[in-house]
Amino acid sequence: MFKPVIKWSGSKRSQAARIKEYLPKEFNRYYEPFIGGGSMLYAINPPDAVCGDICAPLIDLWNEIKRDPMGLSEAYRQHWTKLQTEGYQAYYEIRDDFNRTRSPEDLLFLSRTCVNGLIRFNANGDFNNSLHHTRPGISPDSLEKIILDWSEHIQGAEFIAADYTVTTESAQTGDLIYLDPPYFHTKGRYYGAINFDAFLTYLEHLNSKGIKYMLSFDGIRGEDDFTIELPKELYRRHEFIPSGNSSFKKVMDKESVHVLESLYLNW
Ligand SMILES: C[S@@+](CC[C@H](N)C(=O)[O-])C[C@H]1O[C@@H](n2cnc3c(N)ncnc32)[C@H](O)[C@@H]1O
């Protein structure tokens, strides 16, 4: 499995290869309006893509990975070295800096040295996770390789900080949209939340324009069935993707459970 450049909760990294098997044979432009950690973008590696997320600091980080991978890698090296030599205060200074400036370099460092690597913001958009004391954080040399590799992969992608409806406004007949909205039942745990009825109207609009979509939607997690059925007229196929263990649940409950996720296709 490929390594993540941005660790993001709800990442599709472990399912990406399976989801990719359902791609249509042909499509024009690729859209991913809930990009998060970008696992599907990496797996699909399309030549022409438009990606977005409501989380602006995340999009700034994607743009840095794309435009200046070496600069980003150097900034991580400096921050990381400061942490090893000066100790935990360095982490909290950089966290304060990020909360003032929203610098993508700082965000990358925090994501690689915070508790369980979980990017977490409070209601004001301030990063509020603490330092992971027992781990040094990935070495600058290892992270540099990952950043450079991802940077090559995303050269054909444009990144927009926007609502999903805005990111996909330019989509046309023959284009493909991969949708991975925040779980409706864990509303608030991810950055942002979306209105279910408005989302259904959006899917109807895609159908009427002949735009293909793949939608990762709900989960059956252990004993709990979180399946929310989509109205039948909105899709053509409903597949179940085994997604192994949910890292989200493992972090929350110190247990692992089997997860199946729905993938809806409108062709
Ligand atoms: C389940 S995560 C996507 C994970 C991604 N597929 C990955 O592999 O990392 C959902 C994403 O939707 C974003 N989001 C929430 N509300 C949004 C909205 N209204 N428009 C666009 N993005 C939104 C969140 O910031 C989060 O990154």
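Student: Which residues have the most contacts inside the largest nonpolar core?

Tutor: This is a predicted model, in which local features need pLDDT of at least 70 and side-chain atom pairs count only at pLDDT 80 or more, while totals for chains, interfaces and linings use all residues. Residues are numbered from 1 along each chain as its sequence is written. A nonpolar core is a set of buried Ala, Val, Leu, Ile, Met, Phe, Trp, Tyr and Cys residues joined through C-beta atoms within 7 Å. The largest one has 56 residues, and those with the most contacts inside it are Ile65 and Ile177.

Student: Where does this core lie relative to domain 1 and domain 2?

Tutor: Domain bounds come from an automatic or database domain assignment. Domain 1 (16-54 + 162-265) and domain 2 (65-151) both give residues to the core, so its place is between them.

Student: Which residues does Ile177 touch, not counting those up to four places away in sequence?

Tutor: Two residues are in contact if their C-beta atoms, placed from the backbone, lie within 7 Å. With that exclusion, Ile177 touches Tyr31, Pro33, Thr168, Ala171, Leu206, Ile211 and Tyr213.

Student: Is Phe159 buried or exposed?

Tutor: A residue is buried if 20 or more other C-beta atoms lie within 10 Å of its own, exposed if 12 or fewer, and partly exposed in between, with C-beta atoms placed from the backbone. Phe159 is found in strand β3 (residues 157-161); strands (E, at least two residues) and helices (H or I, at least four) are DSSP runs, numbered from the N terminus. Because Phe159 has 25 other C-beta atoms within 10 Å, Phe159 is buried.

Student: What distance separates the C-alpha atoms of Phe159 and Val50?

Tutor: Phe159 and Val50 are 109 residues apart along the chain. The separation of their C-alpha atoms is 6.2 Å.

Student: How are α4 and α6 oriented to each other?

Tutor: Axes are lines fitted to C-alpha atoms, for helices over the stretch in contact, and angles run from 0 to 180 degrees between N-to-C directions. Helix α4 (residues 69-86) and helix α6 (residues 104-113) have axes 9 Å apart and pack at an angle of about 50°. Angles under 35 degrees count as roughly parallel, over 145 as roughly antiparallel, 65 to 115 as roughly perpendicular and the rest as oblique. Therefore α4 to α6 is oblique.

Student: Is the crossing of α5 and α6 left-handed or right-handed?

Tutor: The axes of helix α5 (residues 88-101) and α6 come within 9 Å and cross at roughly 135°. A crossing is left-handed if the near helix is turned anticlockwise from the far one by less than a right angle, and right-handed if clockwise. The crossing of α5 past α6 is left-handed.
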